[in-house]
Amino acid sequence: MKVSTLDAALQRCQWARHFKQILSQTILTGLISDPYAASRLINFSSRSALVPFHYSLRIFHHLHNPNAFTWNTIMRAHFELQNNPHQALTLYKLFLAKHAKPDNYTYPTLLQCCVARVSEFEGRELHAHVVRFGFHQDAYVRNTLINLYAVCGTMSAARQVFEESPVLDLVSWNTVLAGYVQAGNVEEAECLYKGMPEKNTIASNSMIVLFGRKGCVEKARRIFDEVRVRDMDMVSWSAMVSCYEQNEMCEEALVLFVEMKANGVAVDEVVVVSVVSACSRILNAEMGRLVHGLAAKVGVDDYVSLKNALIHLYSSCGEIVDAQRIFDDGGVLLDLISWNSMISGYLRCGSIEDAEQLFYSMPEKDVVSWSAMISGYAQQEFFSEALALFQEMQLHGARPDETALVSAISACTHLAALDLGKWIHAYISKNKLQVNIILSTTLIDMYVKCGCVENALEVFYAMETKGVSTWNAIILGLAMNGLVEQSLSMFADMKKTRTLPNEITFMGVLGACRHMGLVDEGRHYFSSMIHEHKIEPNIKHYGCMVDLFGRAGLLKEAEELIESMPMAPDVATWGALLGACRKHHDNEIGERVGKKLIQLQPDHDGFHVLLSNIYASKGNWGNVLEIRGIMAQHGVVKTPGCSMIEANGIVHEFLAGDKTHPQISDIEHMLDVVAAKLKIEGYVPTTSEVSLDIDDEEKETALFRHSEKLAVAFGLITIAPPTPIRVMKNLRICNDCHTVVKLISKAFDREIVVRDRHRFHHFRHGACSCMDFW
């Protein structure tokens with residue numbers, strides 16, 4: 001058998017049995033000992049579906065003297081056909097042990113194996129062999145070395161190989177440029193691109209991609225227009241459309257895509273995904289549908305990346321049925337992103353049950369799945385469910401990401417679940433999770449809204465970088481907790497760091513003045529906001545000033561400010577004045593404002609109640625009954641007082657007059673103990689707080705069953721000193737409850753923290769942090 005006969009036989013070979021016959025003939029005739037003939041045999045068997053790869057390896061290992069081509073063939077087969085770069089590199093060690101001689105095709109294959117493994121160490125060893133065996137001048141080898149170092153992120157080594165190359169071709173330039181693009185090094189990439197002897201489309205497209213990622217849209221467009229004159233392909237258009245979309249210039253992305261189609265340029269799934277994403281950003285479902293139709297027409301609608309983009313588009317635009325249809329039609333093409341996008345879509349549209357059903361039917365979940373569900377619960381105000389799922393996530397061994405942690409901490413804030421919030425903080429520290437500005441600010445917000453100012457300050461001062469949201473959280477939090485002087489001092493520190501305050505900052509600063517009745521300081525900060533910081537006050541800032549004047553008893557000035565506002569006052573601003581009238585017993589203005597508010601918002605229970613209380617304080621029970629009749633006529637129901645308290649990791653909820661708690665008998669017994677102790681302290685019930693035409697004894701009983709008193713009594717039973725008793729209430733704490741809690745803190749020597757609708761009250765030794773101004 002001759003080599004020419006072997007080649008002809010291999011070309012005709014169509015069956016495994018036939019190949020074995022050919023192999024037998026080469027062995028019998030001794031042709032297999034010929035290195036060239038053996039290489040032809042190995043080349044055929046390693047690439048043919050007729051011959052199992054392990055069979056080719058057996059043939060290879062029986063060869064006495066394989067040539068470089070044969071070695072290269074079997075190493076390349078390991079890498080390209082078997083996806084096993086490690087085995088190819090292992091085979092190279094045997095190659096060296098056999099004293100085989102490499103050729104200029106040996107090292108490019110092995111270097112590509114190192115690229116696949118992102119193994120710079122092995123690559124450097126091969127680089128040394130390249131030099132030793134004299135292949136360092138070969139352009140193909142040098143280009144592969146440049147690519148190796150670029151992929152491994154060692155651009156200095158890549159650039160050195162590039163600079164030392166005796167001959168630089170387009171591949172050399174494009175490869176080193178691609179390395180700078182991958183590293184995001186705009187300066188070096190620009191310099192190299194300008195120095196190219198011949199700018200080609202591949203290099204130009206790489207620069208458009210880099211500029212797009214780095215937000216240099218004008219530079220990207222300049223290169224795009226240059227390429228347009230010279231030679232442009234579909235990738236150029238796609239890169240520019242993507243550049244616009246990444247930088248939220250969605251209208252420009254859509255216009256360019258339309259121009260692309262008008263120029264007859266073919267589209268692929270990459271550019272369609274960018275366009276659909278642009279439609280999602282601007283909530284343009286109509287344009288999205290047209291692009292969806294085009295994708296189906298050109299046959300790219302089956303790509304999973306496009307299906308995921310379409311699910312996101314339709315769910316973002318509230319078209320959940322269309323999103324569901326794409327998801328249901330996806331079948332085996334769907335991936336985890338598809339499931340997560342659909343869950344997020346359901347949650348965005350408020351379809352909690354559908355999201356839950358899909359979540360629990362997932363074949364597998366990743367951290368994004370858990371985070372999407374936890375975040376969705378929190379955004380839809382299902383805070384208990386968010387925390388329950390966060391704890392379930394821990395049991396499944398999933399490591400929470402920033403989204404899950406922020407959502408869980410926010411849920412703790414809303415539920416006043418301080419113990420769990422502290423546990424999450426400890427979990428972050430213990431597992432050395434990365435804490436960025438958003439997560440730190442969320443922790444600060446949680447601590448200040450649970451009355452733990454020391455913990456909030458500890459997080460604040462540990463932060464290396466603070467954003468305006470961080471300063472806002474601590475300024476608002478300190479003010480809310482009655483530390484007004486410290487809050488205003490923090491604002492001064494903020495200005496020293498050259499952090500520019502925004503509208504929210506001044507809400508915190510004006511709120512601090514409001515909490516302590518600092519009228520002159522409030523006027524100063526309101527003026528500096530306008531003249532020094534050039535911030536136009538909004539309705540909330542004016543409302544804050546009205547509340548400040550009202551609390552200080554400057555009711556006429558408050559009303560004049562409302563009348564002089566550049567925008568129409570909202571009900572909250574009028575409500576602040578009404579509350580001040582109630583506090584300072586100005587029934588004339590109060591009655592006038594109250595009637596106006598009921599006309600403006602007849603379904604608001606708070607305004608009816610405030611006006612009713614003003615009538616009750618004057619003994620006008622007929623008018624009180626009239627207000628209650630109006631409430632019944634409009635279906636307005638007074639929001640019941642509700643207080644929450646966390647004990648042993650469980651949040652307990654109490655309503656005014658509640659008798660449903662399983663420990664109600666113990667609570668009532670404690671209330672009796674409290675009543676006895678308070679009598680000794682000289683407590684007299686403030687029965688004027690009860691706007692009912694009943695006798696004083698009944699009023700006293702009604703007062704003593706306010707929700708915060710029930711919660712505090714429960715705290716005295718279940719929370720051992722010195723742990724503070726922390727209560728969160730949905731309404732403003734009444735005068736009587738405020739007095740009672742002050743006396744309890746003295747009689748029982750307990751620290752009690754009550755967060756009402758407006759602020760925190762820290763009770764210690766018979767005094768409150770608000771100094772009775774709230």
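The model is predicted: local features need pLDDT of at least 70, side-chain atom pairs count only at pLDDT 80 or more, and totals for chains, interfaces and linings use all residues. Residues are numbered from 1 along each chain as its sequence is written, and side-chain values use heavy atoms, leaving out hydrogens and water.

Let's start with helix α28, residues 453-462. Helices (H or I, at least four residues) and strands (E, at least two) are DSSP runs, numbered from the N terminus. Buried means under 20% relative accessible area, exposed over 50%, and partly exposed in between (1.4 Å probe, protein chains only). In α28, V453, A456, L457, V459 and F460 are buried. They span an arc of only 160 degrees around the axis, which puts them on the same side of α28; the arc is that of the directions from the helix axis to the C-beta atoms. E454, E458, Y461 and A462, on the other side, are exposed.

Now for the strands. β5 (residues 760-764) has 4 of its 5 residues buried, so it is largely enclosed by the rest of the structure. Two strands pair if DSSP finds at least two bridges between them, and the pairings of β5 are these:

| Pair | Sense | Bridges |
|---|---|---|
| β4 (residues 752-755) and β5 | antiparallel | 4 bridges |
| β5 and β6 (residues 767-768) | antiparallel | 2 bridges |

I752 has F763 in β5 as its bridge partner, while R764 is partnered by A767 in β6. A hairpin through 4 residues joins β4 to β5. Between β5 and β6 the hairpin has 2 residues, and H765 in the turn has a positive phi of about 50 degrees.
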